[in-house]
Amino acid sequence: MICPKCEYEFVEGITKCSDCGSDLIHTEDFEGNLVHADDWVILKTFAEQYEADMLKANLEGAEIETLVLGQKDRSYPTVGDLAIIKILVRKESAEDAVKILDDIYNNEN
Ligand SMILES: [Zn+2]
């Protein structure tokens, strides 16, 4: 799934871009050029750096390679939510990463 505006790719199951709120489109329907290497997908976005760092630590503990993309300038207001820190994983490990994500956030509730 890809945001047609931001051109970020998200894991399957996410339907809205967490940055701009646009409805995501299927990867095969996207005709532009991806900003990022196409083997990385966004797993989750955060407003707080420490939350992203915690998830990164969890994923790397499970030997899943993780990329954190932050936004340096926090003074820009974002439309909708404030999720600006992106956690990316490789496509081939996305499924495992989603399971870990589920474990972490289900345990919190
Ligand atoms: Zn977007």
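Student: In this predicted model, does Cys-17 count as buried or exposed, and at what relative accessibility?

Tutor: The model is a predicted one, and the cut-off for a buried residue is under 20% relative accessible area. Cys-17 falls under that limit and therefore counts as buried, its relative accessibility being 4%.

Student: Which protein donors does the zinc ion have, and what is the geometry of the site?

Tutor: The protein donors are the SG atoms of Cys-3, Cys-6, Cys-17 and Cys-20, lying 2.3 Å from the zinc ion, and along the chain they follow the spacing C-x2-C-x10-C-x2-C. Four donors count as tetrahedral if all angles lie between 85 and 135 degrees. Among the 4 donor atoms here the angles are 103 to 113 degrees, and the site of the zinc ion is tetrahedral.

Student: Is Cys-20 buried, partly exposed or exposed?

Tutor: Buried means under 20% relative accessible area and exposed means over 50%, with partly exposed in between. The relative accessible area of Cys-20 is 27%, so this zinc donor is classed as partly exposed.

Student: Which element gives the most residues to the largest nonpolar core?

Tutor: The largest nonpolar core has 17 residues, and those with the most contacts inside it are Leu-43, Leu-55, Leu-59, Ile-87 and Val-89. Two or more residues come from each of strand E1 (40-46), helix H1 (49-61), strand E3 (85-90) and helix H2 (94-108). The element that gives the most, with 5 residues, is H2.

Student: Why is E3 described as largely enclosed by the rest of the structure?

Tutor: Strand E3 pairs with E1 in the antiparallel sense over 6 bridges, and with strand E2 (residues 66-69), again in the antiparallel sense, over 4 bridges. As for burial, E3 is largely enclosed by the rest of the structure because the number of its 6 residues that are buried is 5.

Student: Where does the salt-bridge partner of Arg-90 lie?

Tutor: Arg-90 forms a salt bridge with Glu-65, the closest N and O atoms being 3.0 Å apart. Glu-65 is partly exposed, with a relative accessible area of 45%. Whereas Arg-90 belongs to strand E3, Glu-65 lies in the loop between H1 and E2.

Conventions
Residues are numbered from 1 along each chain as its sequence is written. This is a predicted model: local features need pLDDT of at least 70, side-chain atom pairs count only at pLDDT 80 or more; totals for chains, interfaces and linings use all residues. Side-chain values use heavy atoms; hydrogens and water are left out. A nonpolar core is a set of buried Ala, Val, Leu, Ile, Met, Phe, Trp, Tyr and Cys residues joined through side-chain atoms within 4.5 Å. Buried means under 20% relative accessible area, exposed over 50%, partly exposed in between (1.4 Å probe, protein chains only). Two strands pair if DSSP finds at least two bridges between them. Donors are N, O and S atoms within 2.8 Å of the metal (3.2 Å for Na, K and Ca); water is not among the atoms, so sites may look incomplete. Four donors count as tetrahedral if all angles lie between 85 and 135 degrees; four count as square planar and six as octahedral if opposite donors are over 155 degrees apart and all others between 65 and 115; anything else is irregular. A salt bridge is a side-chain nitrogen of Lys or Arg within 4 Å of a carboxyl oxygen of Asp or Glu.
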